[in-house]
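Please look through the structure below, which is a predicted model, and follow its parts in turn.

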Amino acid sequence: MLNSIFYPASIAVIGASNNEIKWGGRILKNILSAYKGKVYPVNPGETNIQGLDSYHSVLDIPGEVEMALIIVPAKFVLSVAEECGKKGVKGLIVISAGFSEAGNAELEKELVSIVRKYGMRMIGPNTLGIVNEPAGLNASIIGRLPTPGSISFITQSGSLGLALAEWTIDTGIGLCKVISTGNKADVDDVDLIEYLNNDPSTGVIAMYVEGIKRGREFIDAVRRVRKPIVAIKTGRSKRGAKAVFSHTGSIAGSDEVYSAAFRQAGILRVDDIDDLFDAALAFSCQPLPEGNNVAILSNGGGASIVAADECERQGLNIVDLTLETREKIQKVIPQFASNSNPIDTAGTVSFEIYDKSIKALHDDPNVDAIIVIYVHTMMFSAMPPAEAVVEMKQKCIKAKSSKPIIACWMGGEGTEEGVEILKSGCIPNYPVPERAVKALSCLIKHREFLDKVKIEVGPEDKMGRCK
Amino acid sequence: MKILTEHETKKVLSKYGIMVTQESLAKSSDEAFSIASTIGFPVAMKISSPDISHKSDVGGVVLNIKKEDVKTAFSDMISRIKKAVPGANIEGVLVQQMAPSGHEVIVGLKKDAQFGHALMFGLGGIFVEIYKDVSFRVTPIDKKEALEMISEIKGYPILKGIRGKKPADIDAVAQVLVSVSEMAQKENIVELDINPLIVGEIGAIAVDARAMVEK
């Protein structure tokens, strides 16, 4: 059913406008920018909007309408929704605000009952809209379509979600869908996660959550989802604010309960916005490792120690390498450099050093995942080691290897040449070792969860989700 | 909302197979003496009143009472409580077996608006009060999950037995967690503390408990 919202054959924009500063003008313009299906502007005061014939009512539209966006003042929403039902519209996105979020819970209830009466599904009210990149659909106030990717981002109402989506687009992280849930009066998190789990173009789900409805059902439904879900949950509560009856009551604030619930559901709860997209990026282009044994390769001892420390904090194991691996690596690094994990090339950098070392680490049966660090200095180019990583990744894809490679290219001017190579080679790259390790730890934790609940990993979990 | 006394709470716990201290409510000093004789000396005495949930704060708990002191302990407690909490509805005094030795842990429940009930586990005493070394699950949980939640707390090695000490009966604690998870909805629990649940080498016993239920 939600397909009618994400992949509609035709769209009515009710409350469309010629004024692009208005929401109804902005959203129509965004839809027209890339969407190939039929678009019908509806506005009783206009006959032509943004070059298209405009209709007085959705009922006047000659053809079928699969999905309708409603961008009219709250007091008109019920009658407009009713007309949509009569017209046979299957999906609604209600942008209009002024419902439960403004204290009008009754109005929202009536809206939901109209939606149900006609068997429609509705996102909102009070949503900023949705984006579905594979359908070329930008039915939102987000400025442009994102670059293609496998991350679908669910965000609860609030301009923060919008800013995050824009920021993601800026950083070049590919997105599949952006869904602003609004008040979740009909379609809620459970519906969306179940839909995205079956959506072939979604590889990983990122969430910005303020609160969850249907808590217990949420846990049960999400537990069955194989795709990774990373979430940031805001509103950490103050505990023990008032005198309570029991110890449990004083300690079990809603935040603690959310953490427990997310864990039981297999959602990876992260602390901040960087973590959210860092993890999503890693999931979007790397396979899930089979265990938590990590090997680190670096041209700087300091950076590898930072990485190793963070590994320990995250419960990842800096694994002992086999003698064979160490001998292979010793052949390409200087005599005085370290051939034990973390590998430190003692400042030397070349395609050959990185290529041979990464290959040796990859072939080591003890190693489940590899972190490759490059600390930029003016003496070397950031490109050859990046090329070595990308080449290894290609080999991994051919060999159907499930060992993820995470990169950390550190430094100032000159680093970006290497970073570009990594980006185009679909290697998750982070500017500091801690972020690389945290992202990797999410891959490992998700794999552990799937094993725990006995969900078999899919082919894309084994091989990564790179297109 | 209704607050259950310790004795009432323990009756609920017993119903779900949780071991509780041997105890009975005494309304007179003679009754206290005869209950204590059945239990065996020494005994503990605790004030029983729906109006007093923090008993030790008002002098409502006396431990290690010998045979010859039982009757005086009873009447002293009644007069002390009447003075400390004027007008409190006093049901009597709970005469109870002394707690066996073992590790003190806390098991609790809290009703949550979003997720139903949250179940909490931690080591008792300062571990819960100062360090908040606890783990949570949303109910219902199974035994496997209960064992996992026990192993999650930082103080877990203490239960496993450190420095040559014998390990505590972790399986019995897990069983208590499963039973508490089971009663959450059935008994309409709003809040529940079993504090402490004392875990020995064999078995776990609820020594003190309080609950708030929805009527």
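In chain A, helix H7 (residues 215–223) and helix H9 (residues 254–265) pack with their axes 8 Å apart and at an angle of about 30°; since angles under 35 degrees count as roughly parallel, H7(A) and H9(A) are therefore roughly parallel to each other. On the side of H7(A), the contact is made by A:Gly215, A:Phe218, A:Ile219, A:Val222 and A:Arg223, while H9(A) contributes A:Ala261, A:Gln264 and A:Ala265. Sorted by class, the residues in this contact of H7(A) with H9(A) are five nonpolar, two polar and one charged.

Chain A also holds an open sheet of five strands, paired in parallel and ordered S2-S1-S5-S6-S7. Strand S2 (38–42) and strand S7 (121–123) of chain A stand at the edges with a single partner strand each, so one side of each is left without a neighbour in the sheet. From one strand to the next, the twist averages 20°.

Within this sheet, strand S5 (residues 67–70) of chain A runs parallel to strand S6 (residues 91–94) of chain A, and four bridges join the two; A:Ala68, for instance, has A:Leu92 in S6(A) as its bridge partner. Helix H3 (residues 74–87) of chain A packs on the sheet, where it touches S1, S5 and S6 of chain A, and its direction makes about 170° with that of S5(A). Helix H2 (residues 23–34) of chain A, in turn, lies across strand S1 (10–14), S2 and S5 of chain A and runs at about 165° to S1(A).

Turning to chain B, the division is into domain 1 (22–97) and domain 2 (103–213), and the centres of these two domains of chain B, taken over C-alpha atoms, are separated by 27 Å.

Notes: Residues are numbered from 1 along each chain as its sequence is written. Chains are lettered from A and ligands numbered from 1 in the order in which they are written. This is a predicted model: local features need pLDDT of at least 70, side-chain atom pairs count only at pLDDT 80 or more; totals for chains, interfaces and linings use all residues. Two strands pair if DSSP finds at least two bridges between them. Axes are lines fitted to C-alpha atoms, for helices over the stretch in contact, and angles run from 0 to 180 degrees between N-to-C directions. Two residues are in contact if their C-beta atoms, placed from the backbone, lie within 7 Å. Domain bounds come from an automatic or database domain assignment. Angles under 35 degrees count as roughly parallel, over 145 as roughly antiparallel, 65 to 115 as roughly perpendicular and the rest as oblique. Ala, Val, Leu, Ile, Met, Phe, Trp, Tyr, Cys and Pro count as nonpolar, Asp, Glu, Lys and Arg as charged, and the others, Gly among them, as polar.
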